Amino acid sequence: MNKKHIVCTQCVMDTSDKDIYFNEKGVCSHCLNFDETYHVSPAQEEENLASLAVKLKSHSAKYDCIVGMSGGVDSSYVAHLAAEMNLNPLVVHLDNGWNSRLAIRNVAKIIDKHQFDLETLIIDWQEFRDLQKAFLRAGVIDIELLTDHAITATLYRLAQKHNIKYILSGVNYATEHGMPLSWNWNKDDKTNIEAIHKQFGEVKLSTFPLISQKKLASLRQSETGPESINVLNLINYSAARAKQELQSGYGWEAYSGKHFESVFTRFYQSYILPVKFGVDKRKVHLSALIRNGEINREQAMLELAKPAIENRQLLRDRDYVIDKLEMDLESFEGLMKSSPVPHEHYASDFTASHQLRKQSGFIANLFKKESQVEKQASALLKHYLDRYQGKTFVIYCAGEIGARTLEQAREKGVYEKIVAVVDNKANHNQHNLGDILVQSPEVLGSLDFEVLLIASHKYQDEIFQNLISLPNMTEKTLIRLRDC
Ligand SMILES: [Zn+2]
(Lines give C-alpha, C1' and ligand atoms only; values in the text may rest on other atoms or scores of the structure.)
Protein backbone atom coordinates (compact mmCIF):
# COMPACT_ATOMS: atom_id res chain seq x y z
CA MET A 1 0.00 0.00 0.00
CA ASN A 2 1.34 3.40 -0.94
CA LYS A 3 1.43 5.77 1.99
CA LYS A 4 0.09 9.20 1.12
CA HIS A 5 2.78 11.84 0.84
CA ILE A 6 2.31 14.34 3.68
CA VAL A 7 4.51 17.33 4.54
CA CYS A 8 4.53 18.87 8.01
CA THR A 9 2.72 22.21 8.28
CA GLN A 10 5.52 23.73 10.39
CA CYS A 11 8.72 22.28 8.94
CA VAL A 12 9.57 20.46 5.69
CA MET A 13 9.81 16.91 7.02
CA ASP A 14 7.52 14.48 5.27
CA THR A 15 6.51 10.86 4.95
CA SER A 16 9.87 9.93 3.43
CA ASP A 17 10.59 9.38 7.14
CA LYS A 18 8.64 6.17 7.58
CA ASP A 19 8.30 6.61 11.34
CA ILE A 20 6.90 10.15 11.17
CA TYR A 21 3.45 10.92 12.49
CA PHE A 22 1.31 14.06 12.54
CA ASN A 23 -1.15 15.59 14.97
CA GLU A 24 -4.59 16.82 13.92
CA LYS A 25 -3.08 20.15 12.83
CA GLY A 26 -0.61 18.42 10.53
CA VAL A 27 2.38 19.12 12.78
CA CYS A 28 4.98 16.36 12.60
CA SER A 29 6.47 14.31 15.43
CA HIS A 30 9.87 16.03 15.07
CA CYS A 31 8.30 19.45 15.65
CA LEU A 32 6.13 18.08 18.46
CA ASN A 33 9.14 16.53 20.14
CA PHE A 34 11.32 19.59 19.71
CA ASP A 35 12.37 20.93 23.06
CA GLU A 36 12.47 24.72 23.00
CA THR A 37 13.87 24.80 26.50
CA TYR A 38 17.31 23.99 25.13
CA HIS A 39 17.71 27.72 24.36
CA VAL A 40 20.00 29.45 26.82
CA SER A 41 20.19 33.14 27.62
CA PRO A 42 23.33 35.09 26.60
CA ALA A 43 24.25 35.41 30.28
CA GLN A 44 23.80 31.66 30.79
CA GLU A 45 25.86 31.01 27.67
CA GLU A 46 28.76 32.98 29.12
CA GLU A 47 28.44 31.28 32.46
CA ASN A 48 28.32 27.84 30.81
CA LEU A 49 31.54 28.45 28.88
CA ALA A 50 33.29 30.01 31.87
CA SER A 51 32.52 27.09 34.14
CA LEU A 52 33.44 24.61 31.41
CA ALA A 53 36.81 26.34 31.03
CA VAL A 54 37.43 26.04 34.78
CA LYS A 55 36.49 22.36 34.71
CA LEU A 56 38.71 21.55 31.72
CA LYS A 57 41.73 23.38 33.07
CA SER A 58 41.52 21.73 36.46
CA HIS A 59 43.76 18.82 35.62
CA SER A 60 47.43 18.91 34.94
CA ALA A 61 47.81 17.05 31.64
CA LYS A 62 49.48 18.89 28.78
CA TYR A 63 46.22 19.16 26.86
CA ASP A 64 42.97 20.37 28.41
CA CYS A 65 40.85 18.50 25.92
CA ILE A 66 40.80 16.81 22.55
CA VAL A 67 38.89 18.18 19.56
CA GLY A 68 38.14 16.16 16.44
CA MET A 69 38.16 18.53 13.50
CA SER A 70 36.93 17.83 9.98
CA GLY A 71 37.14 21.43 8.76
CA GLY A 72 33.35 21.65 8.59
CA VAL A 73 31.46 24.36 10.43
CA ASP A 74 30.49 22.49 13.62
CA SER A 75 33.91 21.08 14.45
CA SER A 76 35.70 24.28 13.36
CA TYR A 77 33.49 26.25 15.71
CA VAL A 78 34.28 23.87 18.56
CA ALA A 79 38.00 24.52 17.99
CA HIS A 80 37.25 28.25 17.92
CA LEU A 81 35.37 27.98 21.24
CA ALA A 82 38.32 26.10 22.74
CA ALA A 83 40.48 29.10 21.84
CA GLU A 84 37.89 31.51 23.27
CA MET A 85 38.02 29.54 26.52
CA ASN A 86 41.80 29.82 26.52
CA LEU A 87 42.21 26.07 26.38
CA ASN A 88 45.06 24.07 24.99
CA PRO A 89 43.39 21.33 22.95
CA LEU A 90 44.94 18.53 20.95
CA VAL A 91 43.27 18.83 17.55
CA VAL A 92 42.77 15.58 15.69
CA HIS A 93 41.99 15.37 12.01
CA LEU A 94 41.00 12.15 10.38
CA ASP A 95 41.93 11.70 6.75
CA ASN A 96 39.79 9.02 5.18
CA GLY A 97 40.92 9.88 1.67
CA TRP A 98 37.86 11.97 0.79
CA ASN A 99 38.48 15.32 2.44
CA SER A 100 38.25 18.31 0.14
CA ARG A 101 41.23 20.65 -0.04
CA LEU A 102 38.96 23.34 1.32
CA ALA A 103 38.35 21.33 4.49
CA ILE A 104 42.06 20.78 5.03
CA ARG A 105 42.73 24.51 4.50
CA ASN A 106 40.07 25.33 7.09
CA VAL A 107 41.71 23.08 9.67
CA ALA A 108 45.08 24.68 9.00
CA LYS A 109 43.73 28.23 9.32
CA ILE A 110 42.35 27.65 12.79
CA ILE A 111 45.21 25.65 14.28
CA ASP A 112 47.84 28.00 12.82
CA LYS A 113 46.22 31.06 14.36
CA HIS A 114 46.13 29.52 17.82
CA GLN A 115 49.25 27.36 17.55
CA PHE A 116 47.25 24.28 18.49
CA ASP A 117 48.94 20.90 18.17
CA LEU A 118 47.48 18.81 15.38
CA GLU A 119 47.54 15.07 14.98
CA THR A 120 46.36 13.76 11.63
CA LEU A 121 45.35 10.16 11.38
CA ILE A 122 45.48 8.81 7.88
CA ILE A 123 43.23 5.81 7.52
CA ASP A 124 44.66 3.03 5.42
CA TRP A 125 43.02 3.64 2.08
CA GLN A 126 42.92 -0.03 0.98
CA GLU A 127 41.01 -0.89 4.13
CA PHE A 128 38.69 2.09 4.03
CA ARG A 129 37.83 1.57 0.38
CA ASP A 130 37.09 -2.06 1.08
CA LEU A 131 34.81 -1.12 3.99
CA GLN A 132 32.91 1.46 1.94
CA LYS A 133 32.44 -1.01 -0.90
CA ALA A 134 31.29 -3.65 1.58
CA PHE A 135 28.65 -1.24 2.95
CA LEU A 136 27.52 -0.37 -0.59
CA ARG A 137 27.20 -4.07 -1.46
CA ALA A 138 25.41 -4.78 1.82
CA GLY A 139 22.75 -2.24 0.81
CA VAL A 140 22.71 -0.48 4.21
CA ILE A 141 21.95 3.20 4.53
CA ASP A 142 24.61 4.53 6.90
CA ILE A 143 27.85 4.35 4.94
CA GLU A 144 29.06 7.42 6.84
CA LEU A 145 28.99 5.40 10.03
CA LEU A 146 32.45 4.13 9.08
CA THR A 147 34.01 7.58 9.32
CA ASP A 148 32.08 8.53 12.45
CA HIS A 149 33.09 5.30 14.15
CA ALA A 150 36.74 5.76 13.21
CA ILE A 151 36.71 9.30 14.63
CA THR A 152 35.21 8.16 17.93
CA ALA A 153 37.66 5.25 18.21
CA THR A 154 40.59 7.55 17.42
CA LEU A 155 39.55 10.29 19.84
CA TYR A 156 39.18 7.84 22.72
CA ARG A 157 42.47 6.15 21.90
CA LEU A 158 44.39 9.42 21.73
CA ALA A 159 42.68 10.80 24.83
CA GLN A 160 43.89 7.77 26.75
CA LYS A 161 47.36 7.91 25.23
CA HIS A 162 47.85 11.57 26.21
CA ASN A 163 45.93 11.32 29.48
CA ILE A 164 43.32 13.82 28.27
CA LYS A 165 40.17 13.86 30.36
CA TYR A 166 37.74 15.61 28.03
CA ILE A 167 36.59 15.30 24.43
CA LEU A 168 34.89 18.40 23.01
CA SER A 169 32.36 17.26 20.45
CA GLY A 170 30.49 19.19 17.76
CA VAL A 171 27.38 17.03 18.05
CA ASN A 172 24.53 19.45 18.68
CA TYR A 173 20.82 19.67 19.16
CA ALA A 174 20.25 22.97 17.34
CA THR A 175 21.17 21.84 13.83
CA GLU A 176 20.88 18.08 14.12
CA HIS A 177 17.60 17.60 15.95
CA GLY A 178 14.99 15.50 14.19
CA MET A 179 17.07 12.95 12.29
CA PRO A 180 14.73 10.05 11.42
CA LEU A 181 15.81 6.83 13.06
CA SER A 182 15.62 4.96 9.77
CA TRP A 183 18.00 7.38 8.04
CA ASN A 184 21.08 6.42 9.98
CA TRP A 185 22.43 3.83 12.36
CA ASN A 186 24.22 3.78 15.67
CA LYS A 187 27.79 4.93 15.07
CA ASP A 188 29.14 2.82 17.92
CA ASP A 189 28.11 -0.44 16.25
CA LYS A 190 31.43 -2.24 15.81
CA THR A 191 29.65 -5.58 15.51
CA ASN A 192 27.65 -4.31 12.53
CA ILE A 193 30.78 -3.02 10.78
CA GLU A 194 32.56 -6.32 11.28
CA ALA A 195 29.59 -8.44 10.24
CA ILE A 196 29.09 -6.49 7.01
CA HIS A 197 32.79 -6.49 6.25
CA LYS A 198 33.06 -10.22 6.89
CA GLN A 199 30.33 -10.90 4.35
CA PHE A 200 31.23 -8.37 1.67
CA GLY A 201 34.82 -7.26 2.27
CA GLU A 202 37.91 -8.55 0.49
CA VAL A 203 40.84 -6.95 2.33
CA LYS A 204 41.95 -7.94 5.82
CA LEU A 205 41.35 -5.15 8.35
CA SER A 206 44.41 -4.56 10.47
CA THR A 207 44.64 -0.83 11.19
CA PHE A 208 41.11 0.59 10.78
CA PRO A 209 40.20 2.25 14.11
CA LEU A 210 37.53 0.20 15.86
CA ILE A 211 36.22 0.36 19.39
CA SER A 212 33.72 -2.02 20.93
CA GLN A 213 30.44 -0.79 22.34
CA LYS A 214 31.36 -2.40 25.65
CA LYS A 215 34.70 -0.62 25.84
CA LEU A 216 33.07 2.70 24.91
CA ALA A 217 30.38 2.27 27.53
CA SER A 218 32.95 1.47 30.22
CA LEU A 219 35.11 4.48 29.26
CA ARG A 220 32.08 6.76 29.26
CA GLN A 221 31.16 5.55 32.72
CA SER A 222 34.56 5.46 34.35
CA GLU A 223 35.81 8.24 36.58
CA THR A 224 39.06 8.45 34.68
CA GLY A 225 37.90 7.71 31.16
CA PRO A 226 37.54 10.75 28.92
CA GLU A 227 34.23 12.57 29.22
CA SER A 228 32.65 13.71 25.98
CA ILE A 229 31.11 17.18 26.14
CA ASN A 230 28.72 18.50 23.49
CA VAL A 231 29.89 22.06 23.87
CA LEU A 232 27.59 23.48 21.17
CA ASN A 233 24.63 22.54 23.35
CA LEU A 234 25.90 24.90 26.04
CA ILE A 235 25.42 27.91 23.78
CA ASN A 236 22.71 29.14 21.42
CA TYR A 237 24.40 27.51 18.48
CA SER A 238 23.56 28.78 15.03
CA ALA A 239 25.43 27.37 12.04
CA ALA A 240 24.92 30.58 10.05
CA ARG A 241 26.37 32.75 12.80
CA ALA A 242 29.23 30.31 13.35
CA LYS A 243 30.11 30.45 9.64
CA GLN A 244 30.18 34.25 9.72
CA GLU A 245 32.41 34.33 12.78
CA LEU A 246 34.77 31.76 11.29
CA GLN A 247 34.93 33.61 7.99
CA SER A 248 35.72 36.95 9.56
CA GLY A 249 38.04 35.58 12.25
CA TYR A 250 40.05 33.09 10.21
CA GLY A 251 39.27 33.51 6.53
CA TRP A 252 37.55 30.16 6.94
CA GLU A 253 35.90 29.07 3.66
CA ALA A 254 32.26 28.04 3.47
CA TYR A 255 31.06 25.15 1.37
CA SER A 256 27.57 24.50 0.13
CA GLY A 257 25.48 21.86 1.86
CA LYS A 258 25.85 20.42 5.35
CA HIS A 259 28.98 18.29 5.64
CA PHE A 260 29.98 18.87 2.03
CA GLU A 261 33.54 19.26 3.29
CA SER A 262 34.04 15.66 2.13
CA VAL A 263 33.64 14.67 -1.50
CA PHE A 264 32.16 11.33 -0.55
CA THR A 265 29.67 12.94 1.86
CA ARG A 266 28.59 15.34 -0.87
CA PHE A 267 27.99 12.45 -3.27
CA TYR A 268 26.39 10.28 -0.59
CA GLN A 269 23.88 12.98 0.34
CA SER A 270 23.12 14.21 -3.15
CA TYR A 271 23.10 10.89 -5.02
CA ILE A 272 23.27 7.65 -3.02
CA LEU A 273 20.69 8.66 -0.40
CA PRO A 274 18.06 10.12 -2.76
CA VAL A 275 18.51 7.57 -5.56
CA LYS A 276 18.71 4.37 -3.54
CA PHE A 277 16.97 5.25 -0.28
CA GLY A 278 14.54 8.02 -1.25
CA VAL A 279 16.12 10.20 1.43
CA ASP A 280 16.90 13.90 1.12
CA LYS A 281 18.83 14.86 4.24
CA ARG A 282 18.40 18.54 3.44
CA LYS A 283 14.88 18.16 4.83
CA VAL A 284 16.30 17.40 8.28
CA HIS A 285 18.83 20.23 8.18
CA LEU A 286 16.35 22.79 6.84
CA SER A 287 13.68 21.69 9.32
CA ALA A 288 16.16 22.06 12.18
CA LEU A 289 16.92 25.59 10.95
CA ILE A 290 13.19 26.41 10.90
CA ARG A 291 12.73 25.15 14.48
CA ASN A 292 15.86 27.05 15.46
CA GLY A 293 14.28 30.25 14.09
CA GLU A 294 17.01 30.79 11.49
CA ILE A 295 14.89 30.48 8.35
CA ASN A 296 11.18 30.24 7.63
CA ARG A 297 9.29 27.42 5.97
CA GLU A 298 8.96 29.24 2.64
CA GLN A 299 12.72 29.72 2.39
CA ALA A 300 13.21 26.04 3.13
CA MET A 301 10.69 25.05 0.45
CA LEU A 302 12.49 27.21 -2.11
CA GLU A 303 15.80 25.63 -1.14
CA LEU A 304 14.37 22.12 -1.46
CA ALA A 305 12.97 22.86 -4.89
CA LYS A 306 16.51 23.38 -6.14
CA PRO A 307 18.71 20.37 -6.88
CA ALA A 308 21.08 19.57 -3.98
CA ILE A 309 23.98 19.99 -6.34
CA GLU A 310 24.39 21.15 -9.92
CA ASN A 311 23.98 18.26 -12.35
CA ARG A 312 27.38 18.62 -14.00
CA GLN A 313 29.09 18.58 -10.61
CA LEU A 314 27.01 15.56 -9.60
CA LEU A 315 28.13 13.57 -12.63
CA ARG A 316 31.74 14.62 -12.06
CA ASP A 317 31.45 13.48 -8.44
CA ARG A 318 29.95 10.18 -9.53
CA ASP A 319 32.79 9.46 -11.94
CA TYR A 320 35.32 10.46 -9.30
CA VAL A 321 33.77 8.32 -6.56
CA ILE A 322 33.35 5.23 -8.75
CA ASP A 323 36.87 5.58 -10.05
CA LYS A 324 38.37 6.07 -6.58
CA LEU A 325 36.46 3.08 -5.23
CA GLU A 326 37.73 1.05 -8.21
CA MET A 327 34.24 0.10 -9.31
CA ASP A 328 32.62 0.31 -12.69
CA LEU A 329 29.56 2.36 -13.53
CA GLU A 330 27.40 -0.65 -14.33
CA SER A 331 27.98 -2.48 -11.07
CA PHE A 332 27.66 0.73 -9.08
CA GLU A 333 24.34 1.60 -10.70
CA GLY A 334 23.24 -2.01 -10.14
CA LEU A 335 23.78 -1.47 -6.41
CA MET A 336 21.82 1.79 -6.58
CA LYS A 337 18.86 -0.06 -8.11
CA SER A 338 18.86 -2.97 -5.66
CA SER A 339 16.59 -2.81 -2.62
CA PRO A 340 17.88 -1.24 0.59
CA VAL A 341 18.75 -3.67 3.39
CA PRO A 342 18.32 -2.61 7.04
CA HIS A 343 21.39 -2.59 9.29
CA GLU A 344 19.50 -4.97 11.60
CA HIS A 345 19.75 -7.60 8.87
CA TYR A 346 23.40 -8.02 9.91
CA ALA A 347 24.74 -8.76 13.39
CA SER A 348 24.54 -5.66 15.57
CA ASP A 349 25.13 -4.36 19.08
CA PHE A 350 22.00 -2.25 18.91
CA THR A 351 19.12 -4.16 17.39
CA ALA A 352 17.04 -4.27 20.56
CA SER A 353 17.59 -0.67 21.59
CA HIS A 354 16.81 0.56 18.08
CA GLN A 355 13.44 -1.12 18.18
CA LEU A 356 12.71 0.40 21.56
CA ARG A 357 13.55 3.86 20.39
CA LYS A 358 11.13 3.45 17.51
CA GLN A 359 8.34 2.58 19.93
CA SER A 360 8.99 5.70 21.95
CA GLY A 361 7.49 7.80 19.15
CA PHE A 362 4.05 6.43 19.89
CA ILE A 363 4.28 7.35 23.55
CA ALA A 364 5.62 10.81 22.78
CA ASN A 365 2.61 11.38 20.55
CA LEU A 366 0.26 10.66 23.39
CA PHE A 367 1.69 13.55 25.32
CA LYS A 368 1.07 16.02 22.60
CA LYS A 369 -2.52 15.47 21.62
CA GLU A 370 -4.47 18.50 22.63
CA SER A 371 -7.00 16.87 24.84
CA GLN A 372 -7.68 17.13 28.48
CA VAL A 373 -5.06 16.32 31.04
CA GLU A 374 -7.31 13.74 32.58
CA LYS A 375 -7.84 11.91 29.31
CA GLN A 376 -4.16 11.97 28.46
CA ALA A 377 -3.18 10.78 31.90
CA SER A 378 -5.54 7.85 31.74
CA ALA A 379 -4.43 6.99 28.20
CA LEU A 380 -0.83 7.04 29.34
CA LEU A 381 -1.48 4.91 32.34
CA LYS A 382 -3.43 2.42 30.29
CA HIS A 383 -0.65 2.36 27.74
CA TYR A 384 2.02 1.71 30.37
CA LEU A 385 0.00 -0.98 32.07
CA ASP A 386 -0.94 -2.73 28.84
CA ARG A 387 2.55 -2.64 27.48
CA TYR A 388 4.35 -3.57 30.65
CA GLN A 389 1.84 -5.99 32.03
CA GLY A 390 2.97 -7.37 35.35
CA LYS A 391 6.28 -5.54 35.16
CA THR A 392 7.66 -2.98 37.52
CA PHE A 393 8.53 0.25 35.84
CA VAL A 394 10.05 3.62 36.56
CA ILE A 395 8.52 6.74 35.12
CA TYR A 396 10.65 9.82 35.05
CA CYS A 397 8.36 12.55 33.88
CA ALA A 398 7.40 16.12 34.42
CA GLY A 399 4.43 18.41 34.47
CA GLU A 400 0.74 18.22 35.07
CA ILE A 401 0.03 15.15 33.00
CA GLY A 402 2.83 13.21 34.63
CA ALA A 403 1.55 14.09 38.07
CA ARG A 404 -2.01 13.18 37.15
CA THR A 405 -0.91 9.86 35.64
CA LEU A 406 0.54 8.94 38.99
CA GLU A 407 -2.49 10.00 40.93
CA GLN A 408 -4.61 7.82 38.71
CA ALA A 409 -2.20 4.95 39.27
CA ARG A 410 -2.65 5.44 42.97
CA GLU A 411 -6.44 5.63 42.65
CA LYS A 412 -6.52 2.45 40.60
CA GLY A 413 -4.29 0.65 43.07
CA VAL A 414 -1.52 -0.07 40.55
CA TYR A 415 0.96 2.31 42.12
CA GLU A 416 3.16 -0.49 43.40
CA LYS A 417 4.05 -1.26 39.80
CA ILE A 418 5.87 2.06 39.65
CA VAL A 419 9.00 2.22 41.76
CA ALA A 420 10.11 5.79 41.31
CA VAL A 421 8.64 8.89 39.86
CA VAL A 422 10.12 12.31 39.70
CA ASP A 423 8.45 15.45 38.57
CA ASN A 424 11.50 17.44 37.51
CA LYS A 425 9.67 20.71 37.07
CA ALA A 426 7.75 20.74 40.35
CA ASN A 427 10.77 19.56 42.31
CA HIS A 428 13.39 21.58 40.56
CA ASN A 429 15.15 22.42 43.80
CA GLN A 430 15.66 18.82 44.67
CA HIS A 431 17.91 16.29 43.06
CA ASN A 432 16.01 14.77 40.24
CA LEU A 433 16.24 11.27 38.93
CA GLY A 434 17.86 12.40 35.71
CA ASP A 435 20.78 13.97 37.60
CA ILE A 436 21.17 10.94 39.79
CA LEU A 437 21.09 8.46 36.92
CA VAL A 438 23.68 10.41 34.96
CA GLN A 439 26.03 11.13 37.84
CA SER A 440 25.73 7.75 39.55
CA PRO A 441 24.99 5.12 36.96
CA GLU A 442 25.27 2.42 39.63
CA VAL A 443 21.89 3.66 40.91
CA LEU A 444 20.42 2.33 37.70
CA GLY A 445 21.75 -1.09 38.50
CA SER A 446 20.37 -0.99 42.02
CA LEU A 447 16.85 0.09 41.08
CA ASP A 448 14.53 -2.83 40.92
CA PHE A 449 12.75 -2.13 37.68
CA GLU A 450 12.12 -3.79 34.38
CA VAL A 451 11.20 -0.82 32.27
CA LEU A 452 12.50 2.71 32.59
CA LEU A 453 10.73 5.58 30.91
CA ILE A 454 12.79 8.70 30.42
CA ALA A 455 11.14 11.98 29.62
CA SER A 456 13.67 14.74 29.66
CA HIS A 457 15.71 14.95 26.46
CA LYS A 458 18.70 16.49 28.13
CA TYR A 459 19.46 13.26 29.95
CA GLN A 460 18.38 10.75 27.37
CA ASP A 461 21.67 10.00 25.68
CA GLU A 462 23.66 9.77 28.86
CA ILE A 463 21.13 7.64 30.68
CA PHE A 464 20.79 5.49 27.61
CA GLN A 465 24.56 4.93 27.54
CA ASN A 466 24.58 4.13 31.25
CA LEU A 467 21.70 1.75 30.89
CA ILE A 468 22.94 -0.24 27.93
CA SER A 469 26.24 -0.82 29.65
CA LEU A 470 24.61 -2.46 32.68
CA PRO A 471 25.54 -6.11 32.97
CA ASN A 472 21.87 -7.14 33.23
CA MET A 473 20.72 -4.94 30.35
CA THR A 474 19.01 -7.87 28.70
CA GLU A 475 16.37 -7.80 31.41
CA LYS A 476 15.97 -4.03 31.47
CA THR A 477 14.41 -1.76 28.94
CA LEU A 478 14.63 1.93 28.26
CA ILE A 479 11.98 3.97 26.56
CA ARG A 480 12.56 7.57 25.66
CA LEU A 481 9.77 10.03 26.18
CA ARG A 482 9.41 13.65 25.49
CA ASP A 483 8.67 15.87 28.52
CA CYS A 484 5.08 15.44 29.48
ZN1 LIG B 1 7.56 19.32 11.47
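Start at Gly251: just after helix 10, this residue has a positive phi of about 70°. This is a predicted model, so a caveat: local features need pLDDT of at least 70, side-chain atom pairs count only at pLDDT 80 or more, and totals for chains, interfaces and linings use all residues. Numbering starts from 1 along each chain as its sequence is written.

Now helix 10 itself. It covers residues 239–250, 12 residues in total. From first C-alpha to last it reaches 16 Å, close to the 16 Å expected at 1.5 Å a residue; that expected span is 1.5 Å times one less than the number of residues. Helices here are DSSP runs of H or I, at least four residues, strands are runs of E, at least two, and both are numbered from the N terminus.

Which residues of helix 10 are buried? Ala239, Ala242 and Leu246. They cover an arc of only 60° around the axis, which puts them on the same side of helix 10. The arc is taken over directions from the helix axis to the C-beta atoms. Arg241, Gln247 and Ser248 are exposed on the other side. Cut-offs: buried is 20 or more other C-beta atoms within 10 Å of a residue's own, exposed is 12 or fewer, partly exposed is in between, with C-beta atoms placed from the backbone. The buried residues of helix 10 pack against helix 3 (73–84) and helix 7 (173–176).

5 strands form an open sheet, order 3-2-1-4-5, with parallel pairing. Pairing takes at least two DSSP bridges between two strands. Strand 3 (117–122) and strand 5 stand at the edges with a single partner strand each, so one side of each has no neighbour in the sheet. Strand 4 (residues 166–169) is joined to strand 5 by 4 bridges. Ser169 has Asn230 as its bridge partner in strand 5.

Is Pro226 buried or exposed? Buried, because it has 21 C-beta neighbours inside 10 Å. Ile167 is 59 residues away in sequence, yet 6.5 Å away in space, C-alpha to C-alpha. Leaving aside neighbours within four places in sequence, the contacts of Pro226 include Tyr156, Ala159 and Leu219. Contact means C-beta atoms, placed from the backbone, within 7 Å.

Last, the whole chain. It has 21 helices and 9 strands. Of its 484 residues, 38% are buried.

Notes. Contact = placed C-beta atoms within 7 Å.
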